[in-house]
Amino acid sequence: MLVVLTALTLSVLVWGVFQLVVSNYFLEFTIQEVHAMFVSHGLVCAVLLSAWAAFFILRSRKKFEAEIAEKEAQFDDRMAQAEKMAAIGQIAAGVAHQLNTPLGSIMLTAEMIAEEVNGNAELKEESRKIIRNANYCKGVVRNLLLYAKPQKQEFKEESVCFIIRRTVSLFDHEMKKRGIRMNMSVDCKECAVFCNGNLIEQLIFNLLQNAVDAQPNGGEISIRTIIPGDGSLKISVRDAGPGISGDVLPHIFEPFYTTKSVEKGTGLGLAIAKRIAEDHGGVIDVESAGKGSSFTVTLPARPASPTPAGAPHFHDHA
Ligand SMILES: Nc1ncnc2c1ncn2[C@@H]1O[C@H](COP(=O)(O)OP(=O)(O)OP(=O)(O)O)[C@@H](O)[C@H]1O
Ligand SMILES: [Mg+2]
């Protein structure tokens, strides 16, 4: 429409000038003739230009209204998402509260049974299975809680090396059962990091759980700390599993993205791991070309601008 109106306006102008020039044989036109030409063709031009302007304003207004409507829809979506997350948060908090105590007592009882039944290998194995599954449930509950309702956490100087050893020990039995070798190389001399130990434990737990899941029939996990000397500390978790294919790799940090069956994975592990790393001022990188996967977490030994007196800075992302 705009093009048509512009073309019409130009045609009228050109036609007017053409008539003026032809009627005066290129030279002999008078002021009155020019004036008459402008009066007759100028009116048509003015009408066309007004139509052009009106059309332009109408079109811009429609575009503006469409943009506003789109922004409103996006805002509504975000509000609905925030409300959904708040609801999930409340449910998760309730469920976690209800489950944590019985899970703790299940684990304790199973550990006692495992110690008591030394002579009965089968019973010992069964009680280990209970501990393993209860432990897995605890991890899932913690992930859900952290995703839906991030807690305000205290940060303090902690030994990453100690946290790693504590977390690895949770997988001892599972790894032995599956025939997974653990290669641990952690430097305890300079592993103090200003962090929240429970969150770092959950981060490492999620990486180890994936490494174990990737090697159901045995393999190897290497976990090591690297101190590059630039004030950061790196934690690397490498497995010898099948690796991550090119179509899966771009999505692994997205919440609820999983290639595992419903009972094996919620798709929250890496989303939480990434958030924990970032909330410590760090990053998490992945390398997986062909066989095996390697995740590296880089944490600043101290955040660039530490919050006063260890004040919490675990942001609310919900
Ligand atoms: N070490 C690994 N080897 C192969 N694939 C991996 C590895 N780590 C992650 N993945 C892939 O990334 C996906 C997302 O991982 P993430 O830990 O976020 O969720 P999940 O393990 O499926 O479920 P959840 O951790 O909540 O139990 C996995 O489903 C898997 O496809
Ligand atoms: Mg996982």
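Ligand 1 takes up the space of the largest pocket in this predicted model. A pocket is found on a 1 Å grid over the protein atoms alone: it is an open set of points where a 1.4 Å probe fits, with protein on both sides within 12 Å along at least five of seven lines. A molecule sits in a pocket if more than half of its atoms lie within 2 Å of its grid points. Rolling a probe the size of a water molecule over the atoms shows where empty space is left.

Start with the ligand. Around ligand 1 there are 20 residues, and Asp239, Thr258, Thr259, Lys260 and Thr266 come nearest. Here "near" means that a heavy atom of the residue lies within 4 Å. By class, this shell has eight nonpolar, nine polar and three charged residues. Asp, Glu, Lys and Arg count as charged; Ala, Val, Leu, Ile, Met, Phe, Trp, Tyr, Cys and Pro as nonpolar; the others, Gly among them, as polar. Helix H7 (269-279) and strand E7 (293-300) each supply at least two residues of the shell. Helices (at least four residues) and strands (at least two) are DSSP runs, numbered from the N terminus.

Now look at single atoms. Which side chain has an N or O atom 2.6 Å from an oxygen atom of ligand 1? That side chain belongs to Lys260. A polar backbone atom of Gly269 is 3.3 Å from an oxygen atom of the ligand. A polar side-chain atom of Ser293 lies 3.4 Å from a ligand nitrogen atom. The protein covers 93% of the 600 Å² of accessible area that ligand 1 has on its own (Shrake-Rupley method, 1.4 Å probe).

The largest pocket holds about 680 Å³ of space, the volume filled by probe spheres set on its points. Its lining has 33 residues, with Asn210, Asp213, Thr259, Lys260 and Leu270 nearest its centre. Helix H6 (197-213) is among the elements that give two or more residues. H6 gives the most, with seven.

The second largest pocket holds about 420 Å³. Of its 18 lining residues, Asn133, Tyr136, Glu174, Arg178 and Gln209 are closest to its centre. H3, helix H5 (172-178) and H6 each give two or more residues. H3 gives the most, with five. This lining has six nonpolar, three polar and nine charged residues.

Residues are numbered from 1 along each chain as written, and chains are lettered from A and ligands numbered from 1 in written order. Local features need pLDDT of at least 70, side-chain atom pairs count only at pLDDT 80 or more, totals for chains, interfaces and linings use all residues, and side-chain values use heavy atoms, without hydrogens or water.

Note on methods
A polar contact is a pair of N or O atoms within 3.5 Å; within protein, one must be able to donate a hydrogen and the other to accept it, and residues adjacent in sequence count only if both atoms are side-chain atoms. On a 1 Å grid over the protein atoms alone, a cavity is a set of points where a 1.4 Å probe fits but cannot get out, and a pocket is an open set with protein on both sides within 12 Å along at least five of seven lines; lining residues have an atom within 4 Å of a point.
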